[in-house]
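Subject: Structure handover

Hello,

Here is the structure I promised you. Please open it first, then read my notes below.

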Amino acid sequence: MISGDSIVALSSGRLPAGVAVVRISGAQTRFVVETIAGAMVKEREAILRKFKTPDGTVLDSGLVIFFRGPASFTGEDVAEFHVHGGRAVVARMLETITAFDGVRHAEPGEFTRRAFLNGKVDLVETEALADLVNAETEAQRRFAIRNAEGVQSDLYLSWRRRLIHARAMIEAEIDFADEDDVPGSVSDAVWSDVGLMIGEIDRHVAGFRAAEIIRDGFEVVILGAPNAGKSSLFNTLARRDAAIVTDEPGTTRDLLEVVLDLGGLRVRLTDTAGLRDAPGKVEAIGIEKARARAHGADLVLLLEDMAAPMPVIAAGDPKRMMRVGTKLDLLDGKANRGGEGHYDLAISTLDGAGIDALLAQISARAVSAAGDVSDVLPSRLRHVELLGETTRHLARAMEQAAGQELRAEELRLAADRLGRIIGAVDVEDLLDVIFAQFCIGK
Ligand SMILES: Nc1nc2c(ncn2[C@@H]2O[C@H](COP(=O)(O)OP(=O)(O)OP(=O)(O)O)[C@@H](O)[C@H]2O)c(=O)[nH]1
Ligand SMILES: [Mg+2]
């Protein structure tokens, strides 16, 4: 995919828009700017120009900015044309630029891929850039921007440096084994540091669930008997009629999902089929799906109609479950029909009672599960897997019986795994997977 070609793409968002940014990167950039903008422009300054095709037809007028490589995002010569964001303007601009020899449309993530290959960003920063572009909530944005600026990479680099140092010490000890100038206390200090590092990596990996909640969302599933008011609550929280509500038990059959932004955190809310025995065929499948979804959820809202309680059995961790009594309005304010403390919360979707309190509780649980957004956390399963391999090699290196050579080799393998996370070590096989996460133009 990488070649001597220059690449061009619309790098800004959906058209039509006020302004659109067409970006080009590669050796042809200069020539394209000279031709389209009429003459070369000063570096790193926004210059207003008329943009013309090579045969002199005016395309548009707008700003052009030229970044000379290697001081650019990709490390190559880069230019941005800021044009009016009309579909025809952008189409004609792209058509004109790709008509130049050696210029073609960029593939998804290709600008960032060039930045990586030119050493401008490492792999973890690249992944964080993808997260930043896709961030929808404030927590996602804060998490992604810190990692894009290298906080996570710095942690892995510091561990890797410590391991390289440790190995150098151990190998020195091997080389000078018959001489007395490497005191035993050096290797003791090395191994105790390696032991500490295993603990540090394990604690870091334990934060992955929190990172997943920030990135993918806190998963809330609504469960309960038919007619308990699940879909009514789902619609109230979604603030639209996303699910069908009727007084007929068994209305909802499939899983329905909406995404909410609660206090800056992404929350995925799922409505499910009412749980009951001996349902019809379709409903039975729906109930099966409901139970499966609830099983993996961060929080289950177990709904019960307080005016007509129909207890259902929902297995699961009680800490991840909230009992919600519904249809409070039918009880003349007498909640807790099931006895004192039977419900964690009573609500009515009819008059809105208890809804704010419910939202506050969901939000509080999501915030506590996501932890502190400023923590440095592994942001991909890929990181967790390689960190797991790192600690396995470190644990083997700690086995005293193994002999110094083997132990030093395990240190090398551990440092290599850390290197693979940031892309400092051969990762060719990973690149297609990682850059495919991007849109075209990034
Ligand atoms: N009075 C009152 N009625 C409610 C309330 N919430 C829901 N209902 C009514 O209860 C009935 C069932 O509501 P749904 O939201 O469809 O219940 P469900 O749990 O999704 O039911 P299934 O999809 O069949 O499992 C409808 O007639 C609703 O109008 C409430 O807070 N107060
Ligand atoms: Mg329903």
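Ligand 1 sits in the largest pocket. A pocket is an open set of points on a 1 Å grid over the protein atoms alone, with protein on both sides within 12 Å along at least five of seven lines. To sit in one, a molecule needs more than half of its atoms within 2 Å of the grid points.

This is a predicted model: local features need pLDDT of at least 70, side-chain atom pairs count only at pLDDT 80 or more, and totals for chains, interfaces and linings use all residues. Residues are numbered from 1 along each chain as its sequence is written, chains are lettered from A and ligands numbered from 1 in the order in which they are written, and side-chain values use heavy atoms, without hydrogens and water.

Now the polar contacts (pairs of N or O atoms within 3.5 Å). A polar backbone atom of T251 is 2.8 Å from an oxygen atom of ligand 1. For T349, a polar backbone atom is also 2.8 Å from a ligand oxygen. At A228, a backbone N or O atom lies 3.1 Å from an oxygen of the ligand. Alone, ligand 1 exposes 650 Å², and the protein buries 87% of that. These areas come from the Shrake-Rupley method with a 1.4 Å probe.

Next, the domains, whose bounds come from an automatic or database assignment. The chain has domain 1 (6-120), domain 2 (125-207 + 377-435) and domain 3 (214-370). The centres of domain 1 and domain 3, taken over C-alpha atoms, are 50 Å apart.

Last, the backbone. Most peptide bonds are trans, and most residues other than glycine have a negative phi. L15 and P16 are joined by a cis peptide bond, with omega about -5°. P16 is in the loop between β1 (6-10) and β2 (17-25). Strands are DSSP runs (E, at least two residues), and helices are too (H or I, at least four). R239 is not a glycine, yet its phi is positive, about 60°. R239 is in the loop between α9 (230-238) and β8 (256-262).

Best wishes

How values were computed: Polar contact = N/O pair within 3.5 Å; in protein donor to acceptor, adjacent residues only side chain to side chain. 1 Å grid on protein atoms, 1.4 Å probe; cavity = no way out; pocket = protein on both sides within 12 Å on 5 of 7 lines; lining within 4 Å.
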